[in-house]
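Hello,

Here is the structure we talked about handing over. Please open it first; my notes follow below.

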Amino acid sequence: HQPLYVTLHVMCKYKLWDELLAYPTIKIVKVKDRYLGAIRYIFMLLIFAYAVGYVVVYEKGYNNCEVPDGSIELSLRQPDGIIDPSTYNYCTQSSHTTISDPLPCVVVDENDVYNPVDQTNAMYIITRYSQTYQIKNPNCTRMGACEAPWINTNESRPQIYATGIEQFTIRFRCFFQARQFYMSTRNEYFSQSCAEMSGSLVDVDGNTLASYGNNGSDIISLQDILNAAGVELNAISDFPPNTVVNESNRHAGIVLFFGIDFNGVYDNAVRYTYSAVQ
């Protein structure tokens, strides 16, 4: 018998190349379980719906958006024609009052009921006010002692309503600019006035009440704004003082927030929407 000699080089010559040229791969395991499979596909469907339905379709995440800056000019105007207080059911001059707190009514114009206020972007329109007439107190002398230099006359009225205030109209002239887009492109699309656009007035449910635009300015009656907010002046106030029972909105006054929203995608015209809420 002769001994058998095997060298280590011969045994490992192919193993070395296998190690050098090896690469990683994934081992796939198929899980046969209806419950785990159902959970997996439900989560996949939810992720797909969020990415496509919400981010892409609803949020339009593929767009570069900017919140525009806007300005607005307001002016109030009384209605045309003769205003007769006896035809309004909240005036004591009428024989058919239906409001809980009727008062004498006076015919007024825009200068009587529109008062400037120390607040930006606010408009104060009077529905109820006091009317005071004064004369010089005859018991006072120019250089002598005096308790009240002026006294009220019999013509003064502590509380009266402004007649036909709902028929007054407001003229709106507005402008917007998406400044970042406009400064980078100088495209007039991103800087327009309402006279160049189309718009609408919607109520609290999103229903369109009127259409405006493309005519220089928009003229909207106070009644239309009240309708958009779902408010009636003759209705009982939702926030009366503790000492007052069944006070009407006309008597108590209301606060409305009137907004303008501008919307536009570059391949469509920019539109604006008026809305009002109490």
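**Disulfides**

The link of cysteine 91 and cysteine 105 is left-handed, with -95° about the S-S bond. Keep in mind that this is a predicted model. The sulfur atoms of cysteine 91 and cysteine 105 sit 2.0 Å apart. This pair links distant parts of the chain, 14 residues apart. Cysteine 91 lies in the loop between β1 (69-77) and β2 (105-106), and cysteine 105 lies in strand β2. Cysteine 91 counts as buried because its relative accessibility is 0%. Cysteine 105 is buried too, with a relative accessible area of 6%.

A search of the whole structure gives three disulfides. Another one joins cysteine 140 to cysteine 146, with S to S at 1.7 Å. That link is right-handed, at 65° about the S-S bond. Cysteine 140 counts as buried at 15% relative accessibility. Cysteine 146 counts as partly exposed at 35%.

Cysteine 174 and cysteine 194 also form a disulfide, sulfur atoms 1.5 Å apart. Its S-S torsion is about -95°, so the disulfide is left-handed. This pair links distant parts of the chain as well, 20 residues apart: cysteine 174 is in strand β9, and cysteine 194 is in the loop between β10 (191-193) and β11 (198-202). Both cysteine 174 and cysteine 194 are buried. With the bonded cysteines numbered in sequence order, the pairing reads 1-2, 3-4, 5-6.

**Cores**

The largest nonpolar core has 35 residues, and Val113 and Tyr274 touch the most other members. Elements giving two or more residues are β8 (157-162), β9 (169-177), α4 (179-185), α5 (222-229) and β15 (271-277). The largest share, five residues, comes from α5.

What does tyrosine 274 contact, leaving aside neighbours within four places in sequence? Its contacts include Phe172, Cys174, Leu201, Tyr212, Ile220, Phe258 and Ile260. Cys174, one of these contacts, is the disulfide partner of cysteine 194.

A second, separate core has eight residues, among them Ile83, Ile99, Cys105 and Tyr161. Cysteine 105 is bonded to cysteine 91.

**Sheet**

Four strands form an open sheet, ordered β12-β11-β15-β14, with mixed pairing. β12 (208-213) and β14 (257-263) stand at the edges. Each has a single partner strand, so one side of each is left without a neighbour in the sheet. The twist averages 20° from one strand to the next. β14 and β15 run antiparallel and are joined by seven bridges. Phenylalanine 257 has valine 277, in β15, as its bridge partner.

Best wishes

Notes. Residues numbered from 1 in each chain as written. Predicted model: local features only at pLDDT ≥ 70, side-chain atom pairs only at ≥ 80, totals over all residues. Heavy atoms only, no water. Core = buried A, V, L, I, M, F, W, Y, C linked by side-chain atoms within 4.5 Å. Buried < 20%, exposed > 50% of the residue type's maximum accessible area, 1.4 Å probe, protein only. Contact = heavy atoms within 4.5 Å. Pairing = 2+ DSSP bridges. Axes fitted to C-alpha atoms, helices over the stretch in contact; angles between N-to-C directions. Disulfide = S-S within 2.5 Å.
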